[in-house]
Structures are given as structure tokens and as C-alpha cells.
Amino acid sequence: MKKNLPIVIEMIIAGMLVFLLTVTGLFSSLDYIARDMLYQRPRGIDSDIKIIGIDEKTLNELGPVQTWSRSYYADLITKLNSAGDSKPLLIGLDIILAGEVDEGDTALAEAAAASRNVVVVDHLIYDERSQVGADGLTYKPVKNVEIAYPALDTVTASGYCNVAQDSDGIVRKIIPEENYNGETHYIFSKALYDRYCELTGAEKRTAPRDKYGWTLINYSGNSGDYECISMVDVLNGNIDPRAFSDSIVLVGAYAPGMQDNFKVPISRHREMYGVEVHANILQSYLQGRFSISGNPTIFGLITAAIAMLLHLLFRKLKVWQGVILLIAALAAFVITCVTLNNGGLTFSVVYFPIIILISYVYSVAIGYIREQAKRKKVLEAFRKYVAPQVVEEIAKKGDFNIKLGGENRDIAVLFVDIRGFTTMSEALEPEQVVAILNEYLALTTESIFKNSGTLDKFVGDATMAVFNSPFDLEDYEYKAVCAALDIVAGGERIEEKFMKEYGRSVGFGVGVNVGPAVVGNVGCDFRMDFTAIGDTVNTAARLEANAKKGQVLISDVLYERLKDRIEVNEVGEIPLKGKSKGVFVYEVTGLK
């Protein structure tokens, strides 16, 4: 349990981060960008929604819109309705027509009354001071409504044109309805939709709203996607009115100078005119496609639990398995969020991916750090058995691939033993025996490592070393003999010291053999020893047993490999315990 405690703490931290970020919306600007990229995609516009734009061409010919007589709008309505049964189904004027201007007011009201298919816009004026409602939520109340002049207002349907901008200035949501003086007012697009249902007999839909009264817009088209015809072309008769047959026609500003353009989530590179925003909202009403923000607490709890599970798996899996899991989790999350949004519920999309990505990177980093620590530990262990230069080479290559269970290798094996150690140990104090033994073991180990050998084991006063195991070693036969000669020479140097301090002399007998052996881990699951076994090893041990003080005995097999590089005396064939046939033995006296 203690071993897994850090992972449990990490899981809790990951889950808490996902939950708190989801509930608080700390990085809302980043989340807005992610939601826009994921949710706001062009879905294809409704070709029955058309726009007549008050564009630059119209303004150049008719002058600034503030100077117009409303007779222009009256003429436009009359032109559109002149095709009899091929007239538009609805005409929406996205132009604030408050207050009376001139005799054109009467003409517009009469044209609207005759057509009975005109919807105009109102404008809500909100109080700058926020209030707290009975439900404890903060809101800004409507303090006034700017409506069309009375003659027009009485013969048309109307809806307010206000849309909301988020903190980054982008229009993502609307308030479908507002109350003022006990009367319910609807947004312009909703007023158009309701009038559409009345004319066609379609069943009315209502847009869902969250607890703050907001509805999120699912945009269908980008700026310029809806068909737009210049208003002056219609007035001049350049466009056949039958082109608008059974269409919903929106008339509104389509020139930058009219200051009715907004940033929208579907495109961050170009703004959208207000009349296009209302066209998108109207299409959402027609298709019943709106979203509201889902409960962040529930979503936060669910994603937090998933993040905790993923962190646990990241810590347990290999790197490549973690990559697959990360990609699969992100893909599943995206698909789920898009599906929920299409079903009417929108949730934050940035916090869960960020945290699980951090979780994965953290898990990989911790795994790397632990692997490096493990590697360092292994290297430290190797330093106790293998020559330092071999360890350094292993560290550079990162090669720890030792075949477990055993493999056949051609190796050189060296055995060395103190001659007369048992008799000497009986005559000396235990502390003196240990001191002599330690100095002897230091000498043999230094000689073995100096020649890149591997210290296999100490067996009492005997030392076993192998060359070319567990790692490949060049010229290992020669290096084994050099190590043996270094041990003998070192023994001569410390013999005088031991005689002076303890009144005893020591000497070493060394046996070296070469040939095939099985090297690998020998033992059981809970206790293993990496060693070499086989006839080559046994023969080396028998050679050492026959070696006299200061003598290095080698087999004929080793002699044949090194005869041009070493000086020897023939000892002859000697019987070895455990072997039916004797072995021809040589004594190494030096190097050529």
C-alpha cells in the first residue's frame, strides 16, 4: 500500500484539477477557443433564407442611410410582393425604425399592412446596474424598449435585435426572450420563426435556456455564405422578384461603415454582419438546433474520475501503450462532446485534455527518471563485478541486454587461491586473517578489473573471474593471462609485507582455461547468481588446484591460441579430478 501511495495522491491531484477547472472555468478564454474549434463548424445554410443587403453599392447610389426616406423600404416591400403568389413568405427588416421621419413613414406602414408578412426589430435598453433575482442569480434588467414608430408597429410583428458578446467580444449566445413591464419580448429571429409557423402551420419550437436565460448559437454558415443581393439592384428592377419566392428575406446592414458587424466563433478572421447572425439564429430555430451549457459540477465529477483512472493506467503502461491510450481517450472525449453538443448540451472541452496530457507527460517523465535511477543502480552493481572501463562502455551504449536463463559463450576462466591459507589462519588471530584476506582480495580484484575481466565470485580464499562474459571483450584470452601474471607479481610484492607484519608469507596459485561455457542466471525466483558453468570452468579450477605458489598454469587449448604471445614451460599431461583423460598443461612465465 505504501508503495502505491504516491500514485494514489497523484490520481487525486489529477482528478481535483479537472474538477476545479471545469467548475470554475478558470481559463475561460482558452476554453472559448477550443469550443469554437470543436462545435462551430459550417453545416450548410438554408437556401430559403436570403439577405438583401444595404451594401456599399446601395449607399453610393442612395446616400447615407441616415438621410433616407422610409419610402425606400416601402418600395422594396412592394417590389418583393409584386410577383403575386411568388412573393416571399416573410420579410424581416433588421433596421431600427423608431420615431417618425417624413411622409415615407406612412408609405412604409401601408406597404407592410398590405403585405402582412413583415417583421421589424425593436431594441432593448438594459440598466447598467446589475440586480439579484429571487433565484439568487445576478442579471441586468431591461429599463426600456425602443420600438418602431406606432403606425408601423401596429401592422407588423417585431422582435429585439440585441445579441450578447462574451468577454472576448465574440457573439456566441442569445437571450431568446426578455420581460419588460409584465410583457414578454422575443428576439428578432424568434419573432420571424413564430410568424413563419403561423403562415405555414408548422409546430412552434422553443429554444432551451440555461439557469441564466442564455441559449448558445450553433452557427450554420459563415460570413458571406447566405445569398446576399444588393438592395439597390432590387429597387432598380435588376433582380426578378420571383427569385425570392417562398423565401424568408432579411434586410439589413451589409457595409462596414454601418457598424453592425460582429466577431463570431465560426470564423475568427472575418466579422459577420448582424443580419447574417440573425439568419444563423433563424436557421437554428427552423432546424431545432440550439445548445445550452450543461451542469459543470456533474461533468467535472465524471471527467475527474476518468482522469484519475487514466493517470493510474499511464503510470502502469509502457510509453507506446500510453500513447495509444492517450489518443483513444482524447478521441472518445471529442466525439462525446460533439455528440452532446448536437443533442443540446455543451460542456467545456479544454480542461480534461490538458490535464490528461500533463498526466501522460508526467508519467513518462517519472518513468524516465526511475529508469535512469535503475540504470545507475545497475551500473553501480556492475562496478562491483566488472572492470570500470567496461562499465563506462556499458553506460555509453546503454546496453544491459543480458540473456536470462543462460547462453553459450566462449570465455576465459581464471581461478586463484592462497597457498597454505588454512594452516596460516589457524596460527593467526581472526583480525589478522581478515586483514590478509582483504588485501589479497583487493589485489586479485584490481588485477582482474585492470584487464577488463568480470569478478564472478569469492569462495573463501579463492577468487573466480571470467573474461568475455557477460559482455563481449576483445582479446579476452590474452587479458585473462595478463590478469593471472599481475596477480602473481602482486603476490610477490605483498609477501614481504606479510612476513614483516605477521611472520607469515603468502603466495598464489593460478589456473586459466578457455572454451565454451553456459553463462547466465542460476538459482530461483527470489535468489539468483549470474555465473558460468561447464567443463571449461571445472578445468580452470583443477588447474588452479595443481598450481604451486607463484605458478600460472594454463591448458593446451589456451596455449594454442596464445603461443606466439606468451612464454611458457611445458609441465606435461597431468590427470585432473573428474576427468577420465589428462590435460596437457603449460606454466606461463611471461609475455613475449
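Analyst: Here is a look at that pocket and what lines it.

This is a predicted model, where local features need pLDDT of at least 70, side-chain atom pairs count only at pLDDT 80 or more, and totals for chains, interfaces and linings use all residues. Residues are numbered from 1 along each chain as its sequence is written, and side-chain values use heavy atoms, with hydrogens and water left out.

Rolling a probe the size of a water molecule over the atoms shows where empty space is left. A pocket is an open set of points on a 1 Å grid over the protein atoms alone, where a 1.4 Å probe fits, with protein on both sides within 12 Å along at least five of seven lines. Its volume is the space filled by probe spheres set on the points, which are joined across faces, edges and corners.

The second largest pocket holds about 660 Å³ of space. Its lining has 25 residues, and the closest to the centre are Asp-94, Ile-95, Ile-96, Cys-161 and Asp-260. A lining residue has an atom within 4 Å of a point.

Strand E2 (90–96), strand E3 (118–126) and helix H9 (274–287) each give two or more residues to this lining. E2 gives the most, with three residues. Helices (H or I, at least four residues) and strands (E, at least two) are DSSP runs, numbered from the N terminus.

By class, the lining has 15 nonpolar, six polar and four charged residues. Nonpolar covers Ala, Val, Leu, Ile, Met, Phe, Trp, Tyr, Cys and Pro; charged covers Asp, Glu, Lys and Arg; the others, Gly among them, are polar.

Arg-195 is found in helix H7 (residues 188–200). Leaving aside neighbours within four places in sequence, Arg-195 is in contact (heavy atoms within 4.5 Å) with Leu-90, Arg-116 and Val-119.
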